[in-house]
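Here is my note on the model, in numbered points. Please keep the sequence and the 3D view open as you read.

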Amino acid sequence: MKKSVILGAATVAGLAASAAVAGTVDDVKARGTLNCGVTTGLVGFAAPDANGEWQGFDVSLCRAVAAAVLGDASAVEFVPTTGKTRFTALASGEIDMLARNTTWTFSRDVDLKFEFIGVNYYDGQGFMVPKALGVSSAKELDGATVCIQTGTTTELNLADFFRANNISYEPVPIETNAEAQQQYLAGACDVYTTDASGLAATRATFENPDEHVLLPEIISKEPLGPLVRHGDHEWGDVVRWTLNALVSAEELGVTSANIDELSAGTDNPEVNRLLGTEGTLGEMLGLDANWAANAIKAGGNYGEVFAKNIGEETPIGLARGLNAQWTDGGLLYSPPFR
């Protein structure tokens, strides 16, 4: 994995093109497990618990896809990836899908030949500083040392922000969130910058989280979402519509508590199509009729997954914000199950 970081975009694209030919749906079914790329550890999004079991918002999507394809939410092999290794792992076929905090950008979609199949978290880049630093705005960070993960859009956004505001900084390169946390708490950098959700998740693990503040500036758009190899359209459809199933389930009022009852049939045709009691949507995907019901049972609908892992009642404490349903003023919107 270490040597993979030196591969260029052309090589990554070539690997993706060759790996996509095999047909990932068939590979996953034959193997009996889903190989899902996640972060190396970000509490609330993807991290092993005390028993070594992976938990989190992104992990839940991996389990939902496994449940949809294999009927077993536990049939997942989690592969930790860094900002540098994640794309090579996907392009080479080491993983079937990537479900970690990865921003959908033009070059990653077009040049690296990956297919982003949706957005599961709308985010933006922020800054965290010790309260003792006495800073209330990112524009006051002239000359600061900044911990920054390499191989990310965060690097480029940071350079743009400081240049636009005619201030300077000294980067402290790190590869993983754990390394960033260690360096930041040790005082090796004045500031840690990454997606605002990641900052909230990291601060929640501190012994004294109240001693650290998130500055008000959000300096970028970071639409985070799962991705697959370009050209493997059948597999892309499976992952895309599994995410859409979780989103639609929340909108339609399908929850982990009532799904068994609703699966017996309802007066709502779209709920029936979603849960497989009407129509042939599963057959169109090459899956069982109850594929979406299995995905929803794996961890609940989108709202349940959000609330359990990163919501306001968790230590991370994120509000829905842009990630609310479109009916509640957010950006969350699934095409219809028809």
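1. How many bridges join β8 to strand β11, and do the two run parallel or antiparallel? There are 4 bridges, and the strands run antiparallel. β11 covers residues 191–195. Two strands count as paired if DSSP finds at least two bridges between them. Glycine 126 of the pair faces threonine 194 in β11.

2. A word on the source. This is a predicted model, where local features need pLDDT of at least 70, side-chain atom pairs count only at pLDDT 80 or more, and totals for chains, interfaces and linings use all residues. Residues are numbered from 1 along each chain as its sequence is written, and side-chain values use heavy atoms, with hydrogens and water left out.

3. Helices and strands here are DSSP runs, numbered from the N terminus (helices: H or I, at least four residues; strands: E, at least two). β8 spans residues 125–130. It is largely enclosed by the rest of the structure, because 5 of its 6 residues are buried. Buried means under 20% relative accessible area, exposed means over 50%, and partly exposed is in between (1.4 Å probe, protein chains only).

4. β8 has another partner, strand β12 (residues 212–214). Here 3 bridges link the strands, again in the antiparallel sense. Proline 130 stands opposite histidine 212 in β12.

5. Strands of a sheet pair through backbone hydrogen bonds, either parallel or antiparallel.

6. The parallel case is β9 (residues 144–149) with β10, joined by 6 bridges. Valine 146 has proline 171 in β10 as its bridge partner. Contact means heavy atoms within 4.5 Å. Axes are lines fitted to C-alpha atoms, for helices over the stretch in contact, and angles run from 0 to 180 degrees between N-to-C directions.

7. Look at threonine 176, in the loop between β10 and α7. Is threonine 176 buried or exposed? With a relative accessible area of 19%, threonine 176 is buried. Leaving aside residues up to four places away in sequence, threonine 176 touches Thr40, Thr82 and Gln149.

8. Next, the helix pairs. α9 (residues 233–252) packs against α13 (residues 291–299) at about 70°, with the axes 9 Å apart. That makes α9 roughly perpendicular to α13. Angles under 35 degrees count as roughly parallel, over 145 as roughly antiparallel, 65 to 115 as roughly perpendicular and the rest as oblique. The contact uses Trp241, Thr242, Ala245, Leu246 and Ala249 of α9, and Trp291, Ala292, Ala295 and Ile296 of α13.

9. α9 also meets helix α2 (residues 24–31). Their axes come within 7 Å and cross at roughly 70°. α2 and α9 are therefore roughly perpendicular to each other. Thr24, Val25 and Val28 in α2 meet Glu234, Trp235 and Val238 in α9.

10. Check two backbone angles. Lysine 113 has a positive phi of about 65°, although it is not a glycine. Lysine 113 sits in the loop between α5 (106–110) and β6 (114–116), and counts as partly exposed at 36% relative accessibility. Asparagine 166 has a positive phi near 55°. Asparagine 166 lies in the loop between α6 (153–164) and β10 (169–174), and is exposed at 73%.

11. Arginine 63 lies in helix α3 (residues 57–70). Arginine 63 is buried, with a relative accessible area of 16%. Not counting residues up to four places away in sequence, arginine 63 touches Glu53, Trp54, Ala73, Ser74, Val76, Phe78 and Ala298.

12. Last, the record. UniProt (unreviewed entry) places "domain: Solute-binding protein family 3/N-terminal" at residues 33–262. UniProt positions follow the numbering used here, feature names are shortened, and annotations may be inferred rather than shown by experiment. Over residues 33–262 the chain is 34% helix and 24% strand.
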